[in-house]
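Me: Could you walk me through how some helices pack in this model? I'd enjoy a few questions and answers.

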Amino acid sequence: MSVFHCDTFYEDVPTLDEVKHEISSIVGLADIKKQLVLILEKIIDAEKDAADGLRVIPPKPFHMVFVGNNGTGKSTVARIIAKLFYLSGALSSYTVTEMQGNKKVKDAEGGVLLVNIDEEDPINSKTLEEIIAAMDGGDSSIILAGNYKALNQYMKSNDQLYKRFSARLQFDDLTCEDLAMILQKKATIKGEDDLICGFELDSSCSTDDIAQMISELTPENLRRVLNAHLLDQMLIEAMKVAANGPNEKTISLSDLGMGIQHGAFIYEKLLNF
């Protein structure tokens, strides 16, 4: 079962400072963050050269493979890559079109096309031809993303694809501590569309305690399959529990524990674990 959907991400015109902050805010993925910082530093150096009157030739966009399970940050990094390529002059757009199956190849012209490879939702030959044409056209950057098994199987059956990729990034599964930190970040985002609008995490909900509960209350194989995709449902379930408690706008540690347990149970049933 795929948890991805097809969408196009439009964000405010990026700046180098904003992208630098986004990179530093990524939880986990230490090796990938280092590579993103290197790209950022090259762009900064190029801007300094241009300011000194030196001729700077924009780099050409290249294509990448993201290997990792669901919820490990592939979409987040793809959006940062799009901004970096745009700021470097390699792409004319900083939008990311994320597709699953046979949709939206042309929508990504000038930006990044993130193609999620799913064993249960194969890409047909016509769409594959469109993807290869987009790669050879030089106007977009194509990122193929999926777990190792799905990507390995797909690459073996499509030898025309393999030679067109210049970089491969490995997205490791998130640790329980990583998941706890991401959950805390999700719970503190405030705005009209914030996940737990009107609710607060109690100060007793420390990273260590949340990580321990996630470790104890969620099966390892479920964490491995979904990673951060687990967290939204857990927060929603915790909010439901807190709404019936004595302090209905504060999510206590025990409320969060029940939310984590209920959220994991929902996904276990959904995925037939």
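Me: Is the crossing of H2 and H3 left-handed or right-handed?
Reply: This is a predicted model, where local features need pLDDT of at least 70, side-chain atom pairs count only at pLDDT 80 or more, and totals for chains, interfaces and linings use all residues. Residues are numbered from 1 along each chain as its sequence is written, and side-chain values use heavy atoms, leaving out hydrogens and water. A crossing is left-handed if the near helix is turned anticlockwise from the far one by less than a right angle, and right-handed if clockwise. For H2 and H3, the crossing is left-handed.

Me: At what angle do helix H2 and helix H3 pack?
Reply: Helices are DSSP runs of H or I with at least four residues, numbered from the N terminus. Axes are lines fitted to C-alpha atoms over the stretch in contact, and angles run from 0 to 180 degrees between N-to-C directions. H2 spans residues 30-51 and H3 residues 74-88, with axes 10 Å apart. Their packing angle is about 15 degrees.

Me: Which residues of H3 make the contact with H2?
Reply: Contact means heavy atoms within 4.5 Å. H2 brings Ile 32, Leu 36, Ile 39, Leu 40 and Ile 43. Facing them from H3 are Val 77, Ile 80, Ile 81, Leu 84, Leu 87 and Ser 88.

Me: What is the handedness of the crossing of H7 and H8?
Reply: The axes of H7 (residues 176-188) and H8 (residues 207-217) come within 8 Å and cross at roughly 120 degrees. The crossing of this pair is right-handed.

Note on methods. Helix = DSSP H or I, 4+ residues; strand = E, 2+ residues; numbered from the N terminus.
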